[in-house]
Amino acid sequence: MLGSMFVGLLIGLLAGAITNRGERMGCFGKMFLGWIGAFIGQLIFGAWGPSLNGTAIIPSVLGAMILLAIFWERGS
């Protein structure tokens, strides 16, 4: 449980830093973004690349970046 929370937060933070979006989401928002981004990213791109706690990092970050690009404006 704690491992998946950490991985979700890490993915959310990476996606937010790369896209410069979702700055005011907070820790729990970034964690949920990471979880949903991991699900969507691995669904679309598969499970390739480095893995942390059973989650492929690169497809997960790509999925979270897609979510940020679609749903959040810059500065929000």
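## Aromatic pair in helix α2

In this predicted model, Phe-32 and Trp-35 both belong to helix α2, where three residues, about one turn of the helix, separate them. The structure holds one aromatic pair, and Phe-32 and Trp-35 form it in an edge-to-face arrangement. A pair of aromatic rings is described by the distance of the centres and the angle of the planes. For Phe-32 and Trp-35 these values are 5.2 Å centre to centre and 75 degrees between the planes. The angle is over 60 degrees, and the pair therefore counts as edge-to-face.

Phe-32 has a relative accessibility of 44% and so counts as partly exposed. Trp-35, at 31% relative accessibility, also counts as partly exposed.

## Contact of α1 with α2

Helix α1 covers residues 2-19, and its axis comes within 7 Å of the axis of α2, with a crossing of roughly 95 degrees. That angle makes α1 roughly perpendicular to α2.

Is Lys-30 buried or exposed? Its relative accessible area is 11%, which is under 20%, so Lys-30 counts as buried. When residues up to four places away in sequence are not counted, Lys-30 touches Gly-8, Leu-9, Gly-12, Leu-13, Gly-16, Gly-22 and Met-25.

## Contact of α2 with α3

Helix α2 (residues 26-45) also packs against helix α3 (residues 57-71), at an angle of about 110 degrees and with the axes 6 Å apart. This angle makes α2 roughly perpendicular to α3. The crossing of the two helices, α2 and α3, is right-handed.

From α2, the residues involved are Leu-33, Ile-36, Gly-37, Ala-38, Ile-40, Gly-41, Gln-42 and Phe-45; they meet Pro-59, Ser-60, Leu-62, Gly-63, Ala-64, Ile-66, Leu-67 and Leu-68 of α3. Eleven of the residues in the contact of α2 with α3 are nonpolar, five are polar and no charged residue is present.

Leu-67 is placed in helix α3. At 11% relative accessibility, Leu-67 counts as buried. Apart from its neighbours within four places in sequence, Leu-67 is in contact with Leu-33, Ile-36, Gly-37, Ile-40 and Trp-72. The C-alpha atoms of Leu-67 and Ala-17 are separated by 14 Å, and these residues lie 50 residues apart along the chain.

## Loops around strand β1

Pro-50 lies in the loop that joins α2 to β1 (51-52). With 48% relative accessibility, Pro-50 counts as partly exposed. Its contacts, leaving aside neighbours within four places in sequence, are Thr-55, Ala-56, Ile-57 and Ile-58.

Asn-53 is located in the loop between β1 and β2 (55-56). At 52% relative accessibility, Asn-53 counts as exposed. Most residues other than glycine have a negative phi. The phi of Asn-53, in contrast, is near 60 degrees, a positive value in a residue other than glycine.

Conventions: Residues numbered from 1 in each chain as written. Predicted model: local features only at pLDDT ≥ 70, side-chain atom pairs only at ≥ 80, totals over all residues. Heavy atoms only, no water. Axes fitted to C-alpha atoms, helices over the stretch in contact; angles between N-to-C directions. Helix = DSSP H or I, 4+ residues; strand = E, 2+ residues; numbered from the N terminus. Parallel < 35°, antiparallel > 145°, perpendicular 65-115°, else oblique. Left-handed = near helix turned anticlockwise from the far one by under 90°. Contact = heavy atoms within 4.5 Å. Nonpolar A, V, L, I, M, F, W, Y, C, P; charged D, E, K, R; others polar. Phe/Tyr/Trp six-rings, centres within 6.5 Å; stacked < 30°, edge-to-face > 60°. Buried < 20%, exposed > 50% of the residue type's maximum accessible area, 1.4 Å probe, protein only.
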